[in-house]
Amino acid sequence: MVFLFVAILLLWVLYAVVILYYNTSWHAMPEYSPKNIMIPGTGFSIIIPARNEADNIGPLLNSILSQTYSRDLFEVIVVDDHSTDETAAIVNRYEGVKLVQLKEDRINSYKKKAIETGIAAAQNEWIVCTDADCVVTPDWLQVLASFIMDNKPVFVAAPVSFIPAASKGKKESILYIFQALDFLTLQGITGASVAGKKHNMCNGANLAYKREVFYEVDGFKGIDNIASGDDMLLMHKIWKKYPGQVGYLKSKAAIVETEAAPTWKAFFNQRIRWASKATSYDDKRIFVVLLLVYLFNCSFLALLVLSFFNIIYLYAFSVFIVLKTLIEISFVGRVSRFFNRRHLLKYFFFFQPLHIGYTIISGFLGTFGSYEWKGRKVK
């Protein structure tokens with residue numbers, strides 16, 4: 001028991017150092033201010049994989065076609081992934097939006113195949129990826145073009161946030177608040193890790209890369225054996241070839257908003273899907289961090305087990321919950337300020353036990369289980 005407790009303390013020290021680094025790196029990264037906003041010139045091909053997105057594809061296309069960026073400099077390609085609803089019919093109503101039908105079936109990574117198909121049909125220099133359940137800001141492409149001109153990257157990760165519940169006339173449910181806080185933390189880690197060049201993270205709802213670079217690294221070849229990973233696994237392939245040309249666009253004008261999971265089942269399926277690519281990371285840096293975070297959360301479970309033998313470990317569990325909150329609160333507070341979600345912080349402490357439990361479960365099932373996505377059961 002003493003040895004286990006010492007091991008837990010060591011995990012705590014390492015975890016605190018990692019969170020302190022993320023906090024410092026995020027704080028040190030300035031918000032990007034466009035310098036070349038009046039000099040457009042970069043051509044974009046926006047790729048949108050869509051499967052049964054009749055409720056969402058219209059608002060996304062409306063937001064894209066309302067860009068302040070020159071319409072002559074971007075194209076929109078929707079790749080319909082065997083939808084059984086009105087998705088394709090809705091897309092066809094939009095003049096100038098290209099609809100491509102995914103033909104392949106009985107594959108494990110439909111989204112990668114959809115993106116690959118969209119890229120094959122693309123005409124412009126830069127590929128921009130987003131999801132069908134998102135909406136974008138009017139200056140999204142304008143700011144991205146300026147960032148590319150200023151920094152000369154070949155891959156750009158950019159911020160993602162949840163669509164505010166109030167914007168849809170809904171109250172913030174327990175599920176919404178919980179996943180919003182969790183997502184804020186992930187977004188902060190994404191920005192801090194990429195800006196600090198410590199490891200690679202991104203979200204497929206808002207990223208861009210040069211079309212020729214996609215083909216230089218053989219696209220999704222070698223990472224197409226799992227359903228997820230169209231974002232981070234590709235990012236790492238590109239980083240290995242261009243380690244100094246991967247950037248993070250920290251700009252409120254570049255934030256893409258996406259739908260939160262509507263049910264707890266959908267939320268867990270989403271997180272299990274994200275966790276499923278952990279063992280496929282060629283980037284050992286992020287694998288070490290993920291392993292540390294997972295073992296750190298498992299330490300709480302160990303304390304609960306130890307409490308059956310000695311009540312002092314139950315007290316330690318309670319104290320460590322408070323310490324975990326204190327370690328993380330400054331970092332999450334800074335990130336929530338950027339995303340204009342500071343009102344969520346008052347719930348942060350109360351969701352800690354639930355967050356620990358979900359991390360343990362989703363991490364385990366992501367490695368050893370399967371999950372349902374878009375009506376398909378995949379691994």
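Here are a few notes on aromatic rings in this predicted model.

1. Some ground rules. Residues are numbered from 1 along each chain as its sequence is written, and side-chain values use heavy atoms, with hydrogens and water left out. Since the model is predicted, local features need pLDDT of at least 70 and side-chain atom pairs count only at pLDDT 80 or more, while totals for chains, interfaces and linings use all residues.

2. Searching the whole structure turns up 28 aromatic pairs (Phe, Tyr and Trp rings, Trp by its six-membered ring, with centres within 6.5 Å; planes under 30 degrees apart are stacked, over 60 edge-to-face, the rest tilted). One to look at is F296 with F300, an edge-to-face pair at 5.6 Å centre to centre and 90° between the planes.

3. Where do F296 and F300 lie? Both are in helix α10 (residues 284-306), four residues apart, about one turn of the helix; helices here are DSSP runs of H or I, at least four residues, numbered from the N terminus. F296 and F300 are both buried (under 20% relative accessible area; exposed is over 50%, partly exposed in between, with a 1.4 Å probe and protein chains only).

4. F349 and F350 have ring centres 5.6 Å apart and planes at 75°, so they are edge-to-face too. F349 is partly exposed at 35% relative accessibility, and F350 is exposed at 61%.

5. F296 and F300 also belong to an aromatic cluster with W12, Y15, F317 and F320.

6. Charges turn up over rings as well (NZ of Lys or CZ of Arg within 6 Å of the ring centre and within 35 degrees of the ring normal). K250 has its charged end over the ring of W26, 4.2 Å from the centre; R285 has its charged end over the ring of W239, 4.2 Å from the centre.

Notes:
Helices (H or I, at least four residues) and strands (E, at least two) are DSSP runs, numbered from the N terminus.
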